[in-house]
Amino acid sequence: MSTLEAMAIDQVVDTARYPLSELESAEGQAVISRARRELLTLGCTVLPDFIRRSLRDVLRQECSAIAPRAHFDVETVNVYNIAVDSALPQDHPGRRTFERGNAFVARDRIPEGSLISRLYSHQVFQRFVADCFQLPQLHELADPLSGLVLNVVAPGMEHPWHFDTNEFTVSMLTQEAQAGGVFEYCPNIRSAHDESFDDVRDVLDGRGERMTRRLPLQPGDLQLFKGRYSLHRVSPVQGEAARHSAIFAYSERPGVIGSVARTQQLFGRVLPEHLAAEGQAVRGDQLLD
């Protein structure tokens with residue numbers, strides 16, 4: 001058993017600031033209340049130094065070691081992750097295309113004893129995240145590839161403007177870029193009932209400064225985000241170092257598995273589980289994507 005595997009979560013997380021094992025305490029409730037308030041008003045909250053500072057180097061080294069396992073591809077995409085040749089009106093924001101140079105390390109290539117893997121599966125951590133999102137329970141994805149992933153944005157690449165297909169995202173920066181690689185987002189730019197195409201078009205055409213926020217993230221910061229309704233991107237990475245971030249994917253219901261097309265796009269492969277589950281997904285809204 002490695003040193004990290006033997007550690008309790010209280011040794012990994014800065015529990016002086018984030019008392020995960022004592023969420024009913026005044027300090028624990030204060031953390032949850034702030035997270036809920038910011039998620040409601042801003043669509044995002046950041047918990048600085050969630051991982052103990054003494055483990056920052058371990059976090060970076062572990063993720064750097066697995067980063068070469070990422071599936072890399074450059075694709076032409078739009079903000080809705082639908083086919084770029086879809087039949088849309090000429091001025092529709094879905095017609096704006098971008099080059100996405102993005103890479104993901106799949107869950108089955110992340111060691112179980114790694115820090116991010118242990119956090120992802122820890123029930124105390126899951127309960128804390130659920131409380132922040134005001135959900136009764138969270139479930140790890142049943143998807144063998146996309147439950148926990150490491151996102152790698154290489155120098156010169158970016159993760160362009162897009163919406164998430166799930167309503168909430170949990171992530172942690174593990175290595176920052178030397179320059180660029182900034183997380184930018186437009187809080188609640190659309191709703192389940194209104195696509196707000198005019199506002200989305202303004203952002204894509206460079207007229208959305210009034211709607212855009214930028215987050216200065218540091219390695220070890222935990223980010224909780226509602227990406228279904230907030231347009232967001234990682235700006236182009238500059239310098240010598242890639243930007244690495246762990247993405248902890250959960251669902252409100254058990255048994256969730258990604259589609260064949262999306263899985264192939266992200267990881268360059270699919271498994272029998274994806275083929276068996278194809279066509280069984282249930283949508284929670286009628287948004288474009």
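Throughout this passage, buried means under 20% relative accessible area, exposed means over 50%, and partly exposed lies in between (1.4 Å probe, protein chains only). The structure is a predicted model, in which local features need pLDDT of at least 70 and side-chain atom pairs count only at pLDDT 80 or more, while totals for chains, interfaces and linings use all residues. Residues are numbered from 1 along each chain as its sequence is written, and side-chain values use heavy atoms, with hydrogens and water left out.

Helices (H or I, at least four residues) and strands (E, at least two) are DSSP runs, numbered from the N terminus. Helix H3 (residues 26-42) has 17 residues and spans 24 Å from its first C-alpha to its last, close to the expected 24 Å, where the expected span is 1.5 Å times one less than the number of residues. Its buried residues are Gly28, Val31, Ile32, Ala35 and Leu39. Viewed down the axis of H3, these residues fall within an arc of 90°, so they line one face of the helix; the arc is that of the directions from the helix axis to the C-beta atoms. An α-helix has 3.6 residues a turn, so residues three or four places apart point the same way. On the other side of H3, Ala26, Glu27 and Leu40 are exposed. The cover over the buried residues of H3 includes strand E1 (44-47), helix H6 (123-132) and strand E11 (222-225), with contact meaning heavy atoms within 4.5 Å. Just after H3 comes Gly43, with a positive phi of about 75°.

Thr263, Leu266 and Phe267 are its buried residues. Down the axis of H8 they fall within an arc of 75°, so they line one face of the helix. Strands E2, E3 and E5 (148-153) and helix H9 (272-277) are among the elements that cover them. Gly268 follows H8, and its phi is positive, near 70°.

Positive phi values also occur in residues other than glycine. Asp49 has phi near 50° and is found in the loop between E1 and H4; at 10% relative accessibility, Asp49 counts as buried. Ser196 likewise has phi near 50°, in the loop between strand E9 (183-186) and H7. With 16% relative accessibility, Ser196 counts as buried.

Aromatic packing comes next. The structure holds 13 aromatic pairs, where rings of Phe, Tyr and Trp (its six-membered ring) pair if their centres lie within 6.5 Å, and planes under 30 degrees apart count as stacked, over 60 as edge-to-face and the rest as tilted. The ring centres of Phe50 and Phe128 are 6.0 Å apart and the planes meet at 20°, so this pair is stacked. It links distant parts of the chain, with Phe50 in the loop between E1 and helix H4 (56-66) and Phe128 in helix H6, 78 residues apart. Both Phe50 and Phe128 are buried. For Tyr80 and Phe197, the centres are 6.3 Å apart and the planes at 85°, so the pair is edge-to-face. Here too distant parts of the chain are linked: Tyr80 is in the loop between E2 and E3 and Phe197 in helix H7 (residues 197-204), 117 residues apart. Tyr80 counts as buried at 0% relative accessibility, whereas Phe197, at 29%, counts as partly exposed.

His92 brings these two rings together again, as it touches Tyr80, Phe197 and Leu288, not counting residues up to four places away in sequence. His92 lies in the loop between strand E2 (71-77) and strand E3 (98-105) and is buried, with a relative accessible area of 8%. Its C-alpha atom is 9.4 Å from that of Val200, 108 residues apart along the chain.

Finally, the nonpolar cores: each is a set of buried Ala, Val, Leu, Ile, Met, Phe, Trp, Tyr and Cys residues joined through side-chain atoms within 4.5 Å. Of the 49 residues in the largest core, Phe50, Phe125, Phe128, Val170, Leu222 and Phe248 touch the most other members. H6 gives the most to this core, with 5 residues. Apart from it lies another core, of 14 residues, including Val79, Phe98, Trp161 and Val203.
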